[in-house]
Amino acid sequence: MGFTLAYLSLIILIPLTALFIKAAGLGWTEWWNLLTSPRVLAATRLTFGLSAAAATVSVICGLLVTWVLVRYRFPGRGLLDAMVDLPFALPTAVAGITLTTIYGKTGLVGRHIASVATWVKETWHPTGWLGDQVNSWADFGAAYSPLGIFLALTFIGFPFVVRTLQPVMEDMGHDIEEAAATLGAGRWIVFRRVILPLLVPALLTGFTLAFARAIGEYGSVIFISGNLPMKTEILPLLIVSQLEQFKYGAAAVIASGMLVISFALLFIINLLQRQLDWQNR
Amino acid sequence: MSISIQSISKTFGSYKALEDVSLEVPNGSLTALLGPSGSGKTTLLRIVAGLEFADDGPGNILFHGENVSGVPAGRRGVGFVFQHYALFRHMTVAQNIAFGLTVLPLSKRPSRTEIRERVHELLGLVRLDGLDKRRPHELSGGQRQRVALARALAIRPRVLLLDEPFGALDAKVRKDLRRWLRVFHDQIGLTTLFVTHDQEEALELADQVVVMRNARIEQVGDPQTVYDHPRSSFVYEFLGNVNKLIESEGIHRYIRPQEIEILFVAEFNPDTDKLGQIQHLFSAGPVATLSVRLTDGQFLEVEMSRKQLDELALDTGDEVTVRVKPEELP
Amino acid sequence: MDHLQVTTESRPVRTLLILSALAVLSLFLLLPLFAVFTEALRRGWEVFFASLTDDMAWSAIKLTLIAAGVSVPLNTLFGLAAAWLVTKYRFKGRALLISLIDLPFAVSPVIAGLVWVMIFGAKGWLPPARLAELLAPLASLAGKAASNDSFGGLFEGIAAWLADPRIVFATPGIIIATVFVTFPFVARELIPLMETQGSDQEEAAVTLGAGGWRIFLRVTLPNIKWGLLYGVLLCNARAMGEFGAVSVVSGHIRGHTNTLPLHIEVLYNEYQFSAAFACATLLALLALVTLGLKSLVERLSGQSAKGKH
């Protein structure tokens, strides 16, 4: 008991308290100015927006893949099942440089993005924000743009959704589907009205897990993003750049903000997971 | 609507679940498919429902003369009640019951009001009025079972199929629901086929009992016939308690516990009787059960009323005469 | 007659879904894996091996191994202790403890590194100078022990460090940061597992007269061995692959404070792509081995070790 608590405090509690204290040392006005400065706001919008979008796409792709893995038998299924964890097991730096290579202008996927974007640019001459994006894609593929960050975040969120959904789908049991079938429902209706509602808690949990991971993600993203302030700078990177300029206070403030949000998300995740376990009693 | 099952066979991989099974279920009857696990009864029920399909071949399923063999469950017009109810746990009781109606194609679907009325009517029929807004996890086992029943009936099925309907319930609830089901069946008159491994249940409930074993039908008949005139030793042993006496090399004799009477040793008649000693006496309740060890070492189980037990003042260790009741002799 | 199984989709729908899922999986999983190896070998096998045996690469590998070598055993011990505590006893604040254990998991790796800079950095609570003051008594002890012959060298090294104790921008910082981020892995695997298993067997052992340690070794441990192995695997994979936290803490001093992931970053930023990918293949292989062992563990344990991440 003692060992546990001592170790815990040493490694976790004390450091985190230090962070908050440092941040607090800055004073309220500075806090506010810092948190509402354009660069911080841009990074926040970018980080949260892209994480939410990526988590959503992870959920959709994850649902598809889990369905196929759990319900169908086909050659190579076992192998693919094991591979789902790859984004989770792969070091973030490796993921980062690999994704950049794939989605960059000359990459296997990136070159197609670039050519499609070039065609769109020359046919429709889009303007405004979308125009900027398309121009960027035409020049650099998905690199140095929010699209690249989005793709990287989807990559890392994917296993969370699948592994959360899998036990729920495996335990579901066929009898409710058979019951619905005897009552005259077709497959699509059975999916939409009988199966999907039961998956919602797991989908929500998977989304939150992917989201929480995405907002803090560093290694997978910094290579492909190009780290352009106001455009592709994510919050974690902003913290690092403050640190490199020895602005410890500013870094601490932003970090504390992120920490509070992480705690809140952790809390929500635990609630959701407990609800999930209860529902599947 | 009568059900005609003709030459149905079903194999799962290398396992033969049903072998050339044929059966007639008369219109409006309550028929029990009775048998031990693995006898094929549930498979047969599911084939009748359209949840499984028989092996290719001469087999057919007919509802009132119409061949439904290839028709999938949703379009066969069957009401199916699952052993563990299979209620939709994210829906209320009312939504569960209404489900079959809400998935009808638009052309055939009743209006919202009509659906609501029908649900209300069914809730009354199964004695669950007022529980429409509850969710399945808030209900007892017996209540859930009745919701499952109401849900199946909402679509006005041609036949009603029940898979071990009382299997998951406590003994007391089971008995009560059993009685209720019989009355209910008489009320609605729908052809009903149910599966059970409980012989007491089958004998008490059904108009027609179908005893199954190892992918085949052993015997079909009304409860009285099947019990009193079993056609094979399996049927005899399966329905009710039985003693099996070895008379001589390869000859068995079956006697039911209630067909034996106990007399004092003084009344022993060597032509008809045997001698034995009471090993064990169980007398809580209206019926007393005695375990008697015969002189040749075999054991017999004997049943008598408490009154008779008291009159004879029997106790463990007593020597007694054992005789088959004259009226039970063939 | 086409006999459909009632609870599955029609064949064309199934095929479409399977193909779509395979497309998604290829794009997400197989493609990156494929790319790592292709890029690594782009300049041929000599460059590949040269990058791996290069001095800088070698010291990065060593540092990575040290970091993992310290954090995995420490966190395994902690994980066992914490899981035991949490699942066999009921006490107030139990839920809070579990949440706290999960903390490093929910936190951005950058923040994980940041907190250590906050404490031990030049402008932190315990900058090297301050730390040297606090540790002075230990330093003199080490100095005395250094004059002893047997482990003289070791104690000299310790004394030298204690005189100028650098945590961040030095190896100790990297180790601490790694310990922090891999902290929850073993505990998270064991807690749900031990919770499901309950205390019945341990209680039975108590009634039979066994004492605490023996119960743990002979009753609990065999039951959790697969979960434990899996937790250790994940802990190790993360320890060796950690990037964000270590990046913040290390100061990127080549040859001294670069772990393998950091070394990869350095190479990449210097446009030495093939070398970077060559080193990346080492880590990718580690990931594949981890996944392979995980599958093995699942099959051997007979049940799904697909716990929460």
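## Stop 1: two crossing helices in chain B

The crossing of α2(B) and α3(B) is right-handed. Keep in mind as you look around that this is a predicted model. To find the pair, select residues 93-102 of chain B for helix α2 and residues 112-125 of chain B for helix α3. Their axes come within 10 Å and cross at roughly 125 degrees. That angle is why α2(B) counts as oblique to α3(B).

Now show the side chains where the two touch. On α2(B), pick B:Ala94, B:Ile97, B:Ala98, B:Leu101 and B:Thr102; on α3(B), pick B:Ile115, B:Arg118, B:Val119 and B:Leu122. Colour the contact of α2(B) with α3(B) by class and you get seven nonpolar residues, one polar and one charged.

## Stop 2: a strand tucked inside chain B

Stay in chain B and select residues 191-196, which make up strand β8. Is β8(B) buried or exposed? Six of its six residues are buried, so the strand is largely enclosed by the rest of the structure.

- Strand β3, residues 30-34 of chain B, runs parallel to β8(B) and is joined to it by five bridges. Look for B:Leu34, whose bridge partner in β8(B) is B:Thr196.
- Strand β7, residues 159-163 of chain B, also runs parallel to β8(B), again with five bridges. Here B:Leu161 has B:Leu193 of β8(B) as its bridge partner.

## Stop 3

Move along to a sheet of five strands in chain B. In what order do the strands sit? The order is β13-β17-β14-β15-β16, the sheet is open, and the pairing is antiparallel. Select 260-264 for β13 and 299-305 for β16 in chain B: these are the edge strands, each pairing on one side only.

Zoom in on β15, residues 287-294 of chain B, which pairs with β16(B) in the antiparallel sense over seven bridges.

## Stop 4: chain A, all helix

The C-alpha trace of chain A spans about 65 × 65 × 30 Å along its principal axes. Chain A has 281 residues, and 50% of them count as buried. Take the contacts in chain A between residues at least 6 apart in sequence: 78% of those join residues at least 24 apart.

## Stop 5: where chain A meets chain C

Bring chain C back. In this pairing, 73 residues of chain A are in contact with 66 residues of chain C. The chain A side that touches chain C divides into 55 nonpolar, eleven polar and seven charged residues.

## Last stop: a helix pair in chain C

Select residues 11-40 (helix α1) and residues 273-301 (helix α14) of chain C. Their axes come within 7 Å and cross at roughly 135 degrees, and the crossing of α1(C) and α14(C) is left-handed. Among the contact residues are C:Leu33 and C:Phe37 of α1(C) and C:Phe277 and C:Thr281 of α14(C). By class, this contact has nine nonpolar, two polar and one charged residues.

Key:
Residues numbered from 1 in each chain as written. Chains lettered and ligands numbered in written order. Predicted model: local features only at pLDDT ≥ 70, side-chain atom pairs only at ≥ 80, totals over all residues. Axes fitted to C-alpha atoms, helices over the stretch in contact; angles between N-to-C directions. Helix = DSSP H or I, 4+ residues; strand = E, 2+ residues; numbered from the N terminus. Left-handed = near helix turned anticlockwise from the far one by under 90°. Contact = placed C-beta atoms within 7 Å. Nonpolar A, V, L, I, M, F, W, Y, C, P; charged D, E, K, R; others polar. Buried ≥ 20, exposed ≤ 12 C-beta atoms within 10 Å, placed from the backbone. Pairing = 2+ DSSP bridges. Parallel < 35°, antiparallel > 145°, perpendicular 65-115°, else oblique.
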